[in-house]
Amino acid sequence: MSNKRKRFMPLLALLMVASLVLGACGSKNESGGEVGTAEKPVELIWYTIGTPQKDVDKVMAEVSKYTAEKIGVTIKMNMVDWGDYAQKLQVMTASGDPVDIMFTASWAFDYVQNARKGAFLQIDDLLKEKGQGIVSALDPAFLEGSKVDGHNYGIPANKELPAQEVWRFNKQLLDKYNLDMSGVYTLESLEPLLKTIKENEPDVYALAVDKNQMPYVKYDYIIEKLPMAVALDTTDYKIVNVLDTPEMKQILGTMHKYYKAGYIPTEAATMDSMTDAQTTGKWFADRATSQPFADNLWSASYGYPVVSTPASDALIYNWSVMGSMQAISANSAYPEKAMEFLNLLNTDPVLRNMIDSGIEDVHYKKVSDTVMENLDESKNYDMPTFSLGNLMITYLNTTDPTNKWEEFKKFNDAGTVAPLLGFNFDTSKVTTEIASVQNVKEEYWAALMTGTVDPEVYLPRANEKFKAAGLDKIIVEAQRQLDEWRAANGK
């Protein structure tokens, strides 16, 4: 088969050619010679999320030597920055640009919605034929919980199952001003610490917030970052506009108060990420989703100590099960080889750690068989570990406890199931309204969530526009589907 990639096509046509693609691609080229061998490897084009790193091509050259010998493929990795990823991948899949493997998640290039649009290949059979290592490695809840309409379209990273929100702190500044994080839990309880930093460190972001973050409230969202949710303690599973809830109104008021006090960056609503501040250490506090021993990981990545304290319970959401996934493009010329690569990535510690940490004795050095230490060159290859596959075969850092992965398993077992786990809203009957609501969200969401604008003024305006865009109709349709799902699953 020619290496020329097929244009993106309607789902029906895509499904008609899927069996031909699966049977033919990755086996022979047009001249009849075998491809996908060590002698004639095929190139897999991989798009993943994260701040582009200087040494990506250098590392992938070494990765490709390894994968060519193992499974007859080479890897071309393309990194797209956090704030640009979803839009870039949307354009690429619509235009049929060459891509074989792509990062997807509940929060970036939406996994469920794009699976339903036909962007990803259904991989049920490929998992059985070429992905048995993945199936063996993953907690069954990952693959079961990430099915869309009964089928798998992506491979979840073997990581933490629950999500627990934490307040993170730059420990250098905590220590410098003798500040205590032990009493911090709510957003309001941060105020005395933020005030101290603002008064003494004017060049530091007291509360590091960018356009992607939103305050935490105890609700489970129908679609992430759209205002439809049910309360975590729900008994009736009623879907509400979360912007109308007293919890959200209070927290947005606090965010605006903090913004006016100068605790939040002036440009927060337009900032793509906090990478620069994290690199320089010019931040004091932020909120993040944690995992066991996350402080060690953050500290190793930033090069200075980071500590955290809980901001929520540990709950298993759809978005945490689907929080980091790799999907095979429906337009991939080599779907079998893509699955072979993903299987190797999730089962082979040599490959997984090379992609995660770079080249041994260049970016890191081995301290023992399972422990590594970053070298100075790691600054040129600092990857988001969670986004790249099976965490539980990555090397430990020197600061990590030897029982790290055992603690992950305990953490997973202890998570509490959120009310909407397993429910995936089918938006096909309200696509026009969803698009209109998304447009309203783009206009108001970041400004409200970062505290940039006064919620007393802008929240009524946003809600009026959400209503005009069809939010109520979406909620009615989502409620109908949720009620049916509850009845079918005994909820």
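Biologist: Is Lys 473 buried, partly exposed or exposed?

Modeller: Keep in mind that this is a predicted model. Buried needs under 20% relative accessible area and exposed needs over 50%. Lys 473 comes out at 47% relative accessibility, so the label is partly exposed.

Biologist: Which residue forms a salt bridge with Lys 473, and how far apart are the two in sequence?

Modeller: The partner is Glu 433, with the closest N and O atoms 3.1 Å apart. Lys 473 lies in helix H19 and Glu 433 in helix H17, so the pair ties together parts of the chain. Glu 433 has 14% relative accessibility and therefore counts as buried. As for the separation in sequence, it's 40 residues.

Biologist: What about Asp 272, which residue does it form a salt bridge with?

Modeller: Asp 272 sits in the loop between helix H10 and helix H11, and its partner is in the loop between E6 and strand E7, so parts 61 residues apart in sequence get tied together. The closest N and O atoms are 2.7 Å apart, and the partner is Lys 211.

Biologist: In the salt bridge of Glu 201 with Lys 176, which residue counts as buried?

Modeller: The closest N and O atoms of this pair are 2.7 Å apart, and the two residues are 25 residues apart in the chain. Lys 176, in helix H8, has 56% relative accessibility, so that one counts as exposed. The other end is at 15%, so the buried residue is Glu 201.

Biologist: How many salt bridges does the structure hold?

Modeller: Side chains of opposite charge can pair when their charged atoms come close. The pairs with Lys 473, Asp 272 and Glu 201 are among them. The count for the structure is 24.

Biologist: Now strand E5: how many of its residues are buried?

Modeller: In a regular strand the side chains alternate between the two faces of the sheet. In E5, Gln 164, Val 166, Arg 168 and Asn 170 point one way, while Glu 165, Trp 167 and Phe 169 point the other way. Both sets are buried, which gives seven of seven.

Biologist: And which residue in E11 is the bridge partner of Arg 168?

Modeller: E5 pairs in the antiparallel sense with E10 over six bridges, where Phe 169 has Ala 285 as its partner. With E11, E5 is again antiparallel, over five bridges. There, the partner of Arg 168 is Ser 308.

Note on methods. Residues numbered from 1 in each chain as written. Predicted model: local features only at pLDDT ≥ 70, side-chain atom pairs only at ≥ 80, totals over all residues. Heavy atoms only, no water. Buried < 20%, exposed > 50% of the residue type's maximum accessible area, 1.4 Å probe, protein only. Helix = DSSP H or I, 4+ residues; strand = E, 2+ residues; numbered from the N terminus. Pairing = 2+ DSSP bridges. Salt bridge = Lys/Arg side-chain N within 4 Å of Asp/Glu carboxyl O.
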